[in-house]
Every structure is written in C-alpha cells, then in structure tokens.
Amino acid sequence: MPYRAPVSDFRFLMDHVVGFADVAATERFAEATPDMVDAILTEAAKMCEEILAPLNRNGDLHPAHLENGVVRTSPGFADGYKAIAEGGWIGMSADPENGGMGLPMTLTTTVNEMMSSACLALQLNPLMTQGQIEALEHHASDAIKETYLPKLISGEWCGTMNLTEPQAGSDVGALRSKAEPNGDGSYAITGQKIYISWADNDFTENVCHLVLARLPDGVPGTKGISLFMVPKFIPNEAGNPGKQNDLRVVSLEHKMGLHGSPTAVMEYSGATGWLVGPAHGGMAAMFTMMNNARLGVGVQGIGAAEGALQHALAYAQERKQGKAPGTGTIIEHADVRRMLTTMKADIYAARAIALMNAVAIDMALATNDAGWKARAAFLTPIGKAFGTDVGIEASSTGVQVHGGMGFIEETGAAQYSRDVRVTAIYEGTNGIQAMDLVARKLMDGGEAAFRLLEEIQQGAEAAKATCPELAEAVWDAAESLRETTEWLVEQGDLNQRFAGAVPYLRAFARVLGGHVHLASALAGDEAREKLATFYIKRLLPEHIGLLAHVREGADDLMAITPEELAA
C-alpha cells in the first residue's frame, strides 16, 4: 500500500505546539530556517514514499538470512540503504567537523518517523548508527573519532550496540564478556552477545560493534563494565577496512516480526577492540547511545502506528459490509470510526510528545541549561514507552478494522503488529522506563515533573476563553496528576512507586496528550479542534483510573503470592 508522509502534521507541530522556534533561534541551530525545514521534510518524505515504502513487504516475505557466515539482506534493502546514506540522513544531527549536518534532533526525529513508517526493518540500521555516532562524539578518543565517525556518518560503515548476553538481559551487570589488554593499547574481547540488531549486512564496508565487557580488574556489577569498539574489519593505517577481526555471527534469530532486520547471536573470540571512554566507565558511555536510541525507538512505534492507520483507513474506505449510509463503506459505521479516530488521536499525541522531547534535547545542547537537560531526561522514558505502546495498540486496532482479512497475511495489516511489538522491549522494557520515571527522574523532588505540569495548566488557563470545556478538563487532569506526583515523591519505599509506575507513566502521557491537542485546537483549523475534542473527552479521562492504580501502592499487589498466581 502506498505511504504518505504526514508532513503537514510535522510542520504544524513544529510551528505551533512544540516550540521549535526556540531551537531555530539559538546560535547553534540558526541554519534551521523555515526554508531548510521544508526542504528536509519534503526530500525525506519523497525518499520514504518512493524508495523505502515499496521495500517493506520484501523484508517480511524474504527475510535476511545467514549464508556461509555472511548475512544476506532482503531484496532491495541495499538500494534503500544507499538512498538513506547518500541523502545524508544518517548524520543529520552529527557534528559537521566529522561530516554531519549539525541539524537539530527535532528534524532527525521527523525523518526517523517517516523511515519507520515506510520500512521499519531497514530503518533500524541507521538508528543504531546514529546512537553510536553520538556515543563516540561524547566519549571516544580523538583517534577513534577520526577513524570511525566520518565513515559512520557517511553510511560507508554502520554501527551496533552489544549489551545483552544469555544470562544478562535487563541485568546488564551480570555480563561475562571479558577484555584482556594486548599490551599495545588494544584489548582482546571474548564473549557471546545476543539480540544484536543489524549485526552484519552485505551492503556496508564495515560493521562497528560497541561491546560491553569487563577488564581483569573490573568489579562485579555495572560499575566494573567497560565499553569497546570492536570492528568487523580492523582498519588499516589508511583508515580503510583491513583484516577480518576474530568475531562472527553464530546465528540469526527467528523472530515474530522485523524479518528484514537480522538479529544475531555474536561470538567474540579474542577480537581486537579499543576502549571507548574511561576504564570501568562503559555504562555511562553506552547510556549516551541508549538514550538516543530510546527516543528513536519511541518514534519507531509512532511510525509503525502511522503506517497501520493509513493501511486501515484505506481498507475502511473501500470495504462494503452491512448497511452503511453515505459511501456505504465500513468507515461509516460508528465503531470503525471510533477505532480509526482513536488511532489518529493517539498517534498525534505520541508524535507531539516525541517532538517535545527532541526540542528539549536540542535546547539542552544549544544552551547547556540544566532545566532543559532535566526536561529532556524526564520526557525520554515517556516518549519511548508511550510511543511504542501506541504503536502496538494502533497496529492491533488496524488488524481489527480489517476484520477477518486482518488475520490474513496477504493484506499486510498483521505485519505492522508483528514488526512493532518488540519496540516495547528494546532499549529497556517499557516497565523499566516507567520505573526510571518514578525513581531516578523524581530524585529532584519532582521539580521537572512539576514544571511540566505548571506549563500544562498555564496553557489550559489561556485556552479557557476560547475552548472552556476542553481547557477545564485538561487543567483538572494536570491537577490530579500533580497530586499523585506529590504522593509518589513522598514514598520512601521504591516498591510503593514501582507498583504503579506503568500506570503513572501512561497517565502522564495522557495528560501531555491533552495539552498538545488543546494547543492544536487553539492554533489549528476545525479538523484539529474536532480531533482534540475526541481525545480530551474520550481518551484523557483514562487518567482517573490510572492514577487510582498508582496510589494503591504495592502492599495488596505483593500480598498475592506466586503460589496463588499459579493456583
């Protein structure tokens, strides 16, 4: 099915809702003029619609496979990757000193969403590279930067992250991979890693693995972990791929979805690597990459949701079933209209939250202001979890809109649901994101949360003259969220917070969604006001039950024993 990039939504949100003008007004991002933004959105949309979208089905039907130790990618993926690399889309936000464009993360976020809608399996590759670029810019030695960054930014080489091991998933500190000094400044990396996205391909000259491992004097747990650059081919003196390193793809996982994206088991057998960042400081360096990827994965969820919506909408406008007025198609049925409108309203809210997050990252980078840094940090787990939840829910709803045909693979509706499901697990499960939100992100006593809530309530106050009913609902929801945030901050026992962490994150996203929909209703046309009305009256009220769940704490939950669950 043809894909149409939501360029008008991106432009509207950037112009009227998420404060992109503040980013463009900074010295660092002064080149992000309206003409530049239009050119970026237009050209990226053209690539996604004409080159990437036709590849999406190929990746599903003709998966990447391992052939004599080499990964062979899905038909057309090499050409799709070439278009991404040659267009400069990988290094949009990278430092111009190394060949990047130096553009705001906000713009990169819009392009990543479009690519995710068009072909999520292929978009995973440049997303991993973008995160690696940021990690190297912040933590690598000058020698590593000089060798790797230009090649990664140009797309000649691509990057991965290697964290997970069979016994060390979310508990990264349990890893067993080891690094032994070679005596020449390099290290011998030995160990096995699993779930490595795009661990190999047949279209880039080199694959650069960032690998977590423990030095001989590394203490147990995360504090003893270091990070290493371990390339597939060791660069020679000219900086070009040289001899094959002592690493290999053992196997590719047989996955529920994302068949075009090879996910590998990797074996390192004394492979040569170089330290990135200080010894035993690997988690700090890797978290730079992970935080970049968390926003990116949230956007992947939104992109898949948009693709699912467009697919379902096209079907609903053609399918005739039952007695329906107007066009006679199923889109005239109230429940089908409800499903499609819920998808559209949630996608819009999630997209706006992701762009708010990106704007905060850009402002933090441009101003070095602590308030912007705190805002970016607070929004990251919300953007990641809500974006991927919306992806899962919208793609599932898309199958439902198709009815029985949604369960038939030939329609393509199920692919969105299968492909997006893993995004709630990537880069820290959504439960971990929520635990981070109620623990680490509230260590400031709730200051970052309260600032956001104050902004929401100020916006609602300003809207009361124009949209009094909608504004009142948003103001009240923010006040309820404020009271629950105060309750959470008072809980010294973190388990009391963790028990309601997921509903708290969801409630915060719901209220932020009400805020951006209200702002859109004020600044937009009648159609945006109608969508805002639907969201605020029908979806925002979910926050009431969610917050009730939060304030129950952990006692009754933990009182249910494992034996009782199994009975």
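V249 is buried, at 9% relative accessible area (buried is under 20%, exposed over 50% and partly exposed in between, with a 1.4 Å probe and protein chains only). This is a predicted model, where local features need pLDDT of at least 70, side-chain atom pairs count only at pLDDT 80 or more, and totals for chains, interfaces and linings use all residues. Residues are numbered from 1 along each chain as its sequence is written, and side-chain values use heavy atoms, leaving out hydrogens and water.

V249 sits in strand β10, residues 247–252 (strands are DSSP E runs of at least two residues, helices H or I runs of at least four, numbered from the N terminus). Leaving aside residues up to four places away in sequence, V249 touches L66, D200, A264, V265 and M266 (contact means heavy atoms within 4.5 Å).

The model has 27 salt bridges, counted when a side-chain nitrogen of Lys or Arg is within 4 Å of a carboxyl oxygen of Asp or Glu. One of them pairs R351 with E113, with the closest N and O atoms 2.7 Å apart. R351 belongs to helix α9 (residues 334–367) and E113 to helix α6 (residues 105–139), so this pair ties together parts 238 residues apart in sequence. R351 is buried at 1%, and E113 is buried too, at 3%.

## Two further pairs

R451 and E447 also form a salt bridge, 2.7 Å from N to O. They're four residues apart in helix α13 (residues 447–463), so about one helical turn separates them. R451 is partly exposed at 47%, as is E447 at 40%.

E156 and K151 pair up at 3.6 Å, N to O. Here E156 is partly exposed at 33%, while K151 is buried at 16%.
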